[in-house]
Amino acid sequence: MDNSTVTNLAVTAVVLLWLLSRQLMERPLREKSPVGLVLIIIGAVETGWYVTAHPLSWRDGVLVVVSLGVGVALAAVRAFTVRLSVRGDRVVRQGTPLTAVLWVAGLGQHFLINAAVAAGLGAVSVLFYFGVVLLAQQRVLVGRAATAGLSGR
């Protein structure tokens, strides 16, 4: 493994631990959260640099899109493992152990693309992946809260 791969894996581990800690603690449900967007931007820049130096085949691109699609589907399922309730005047959310398992499973499927695409692409695109699936989960949670008639500020 080269230094950039080790660095990407270390950053992935830190971000995953941070995301899991936030997912499992009770927190207010926000209609919009900038975290996913920030991760998408950083991940898009990193992935763009990688693609500039290592042009991808159409197959590589398709597999990355498939991984994102699977990740978004898992995010939708994962959103239904999150408990929603009202505390005072706020809607709060709290993930369950199954939420954490589905985060790890989603990340695992994303890294499986490394075996089939340009070496290192899975690690380089992981922040983009995190951002996309985090926003997808957020949309489903907000929709669930609205459908259930939960209201908060």
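**View 1. Arg 27 and its bridge partner in strand S3.** In this predicted model, Arg 93 of S3 is the bridge partner of Arg 27. Strands are DSSP runs of E with at least two residues, helices are DSSP runs of H or I with at least four, and both are numbered from the N terminus. S1 and S3 (residues 90-94) pair in the antiparallel sense over 2 bridges; two strands count as paired if DSSP finds at least two bridges between them. The model is predicted, and its local features need pLDDT of at least 70, while side-chain atom pairs count only at pLDDT 80 or more. Residues are numbered from 1 along each chain as its sequence is written.

View 2. Strands of a sheet pair through backbone hydrogen bonds. Between S2 and S3 there are 5 bridges, and Ser 85 stands opposite Val 92 in S3. These two strands form a hairpin with 2 residues between them, and Gly 88 in the turn has a positive phi of about 65°.

**View 3. Ser 67 in helix H3.** Ser 67 lies in H3 (residues 58-79). Ser 67 counts as buried because its relative accessibility is 2%, where buried means under 20% relative accessible area with a 1.4 Å probe, protein chains only. Leaving aside residues up to four places away in sequence, Ser 67 touches Gln 109, His 110, Ile 113 and Tyr 129; contact means heavy atoms within 4.5 Å.

Technical notes. Side-chain values use heavy atoms; hydrogens and water are left out. Buried means under 20% relative accessible area, exposed over 50%, partly exposed in between (1.4 Å probe, protein chains only).
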